[in-house]
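Hi there,

Here is the structure I promised to pass along. Please open it beside this email, and read on for what turned up.

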Amino acid sequence: MDTDRKESRKKSPLPAQIEELQRRLQEAEQTIEAIRQGEVDAIVVSGRLGDQVYSLTGAEHAYRVIVETMNEAALTTDLDGTILFCNQRFCDLMRTPMHEVLGRNVTTFAASPPQRTLQAAMAEAKAGPVRRHLTLRAGEGTAVPVLLSASLLQTPDSVSLCLVASDLTELE
């Protein structure tokens, strides 16, 4: 009889494992339901080529392709400067992989002395569109002169900042 109890314990998952599996199933079901209800417009998938953004909405596909393939660096931040989205061009310009860019504050890419210039441009963008010539600092420390355009981006769900940086290295 005692041997039967030991055997049944070995075969049945531990309560913590069952709880974790139930939690993960519930999270997966909520994600699928959000996609079905149109609450998700894109998915970020990590792979051997880095992070890839896949759009789930047809009407926005052309715009996403434009942003992903244009020569300018594009990004959105929350009002405090945390990077929510960026295109690959921004990562290339900053010589930093996508997974190290997303979630980081954009001011960490500002050259040390003119960091206030970037912060001021972002603050002014909350009131209206702004254009500034400033210097960013790439991952390995290289100075990157840019023409930065910043503006407020309001959607039904959130308010953020939209930044577009044109590399001026070849012109200077």
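Below are some notes on the core, the salt bridges and a surface patch.

First, the ground rules. This is a predicted model, in which local features need pLDDT of at least 70 and side-chain atom pairs count only at pLDDT 80 or more, while totals for chains, interfaces and linings use all residues. Residues are numbered from 1 along each chain as its sequence is written, and side-chain values use heavy atoms, with hydrogens and water left out.

**The core**

The largest nonpolar core has 28 residues. (Such a core is a set of buried Ala, Val, Leu, Ile, Met, Phe, Trp, Tyr and Cys residues joined through side-chain atoms within 4.5 Å; buried means under 20% relative accessible area, exposed over 50%, and partly exposed in between, with a 1.4 Å probe and protein chains only.) Ile83, Cys86, Phe90 and Leu118 have the most contacts inside this core. Among the elements that each supply at least two of its residues are α4 (88–94), α6 (115–125) and β6 (143–154). (Helices, H or I of at least four residues, and strands, E of at least two, are DSSP runs numbered from the N terminus.)

Which residues does Leu118 touch, leaving aside its neighbours within four places in sequence? They are Val106, Thr107, Ala110, Leu134, Leu136 and Leu148, where contact means heavy atoms within 4.5 Å.

**The salt bridges**

Side chains of opposite charge can pair when their charged atoms come close. The whole structure holds five salt bridges, each a side-chain nitrogen of Lys or Arg within 4 Å of a carboxyl oxygen of Asp or Glu. One of them links Arg132 with Glu124 at 2.3 Å, N to O; Arg132 is partly exposed at 26% relative accessibility, and so is Glu124 at 37%. Elsewhere, salt bridges with shared partners join Glu20, Arg23 and Glu27 into one network.

**The surface patch**

Ile35, Ile43 and Val45 make a nonpolar surface patch of about 200 Å². (Patches consist of residues with over 30% relative accessible area and no salt bridge; like charges are joined within 9 Å, and nonpolar side chains, meaning Val, Leu, Ile, Met, Phe, Trp and Tyr, within 5 Å. Areas come from the Shrake-Rupley method with a 1.4 Å probe, and for residues only the protein chains shown count as cover.) Ile43 sits in strand β1 (residues 42–47) and is partly exposed, at 31% relative accessible area.

Best wishes
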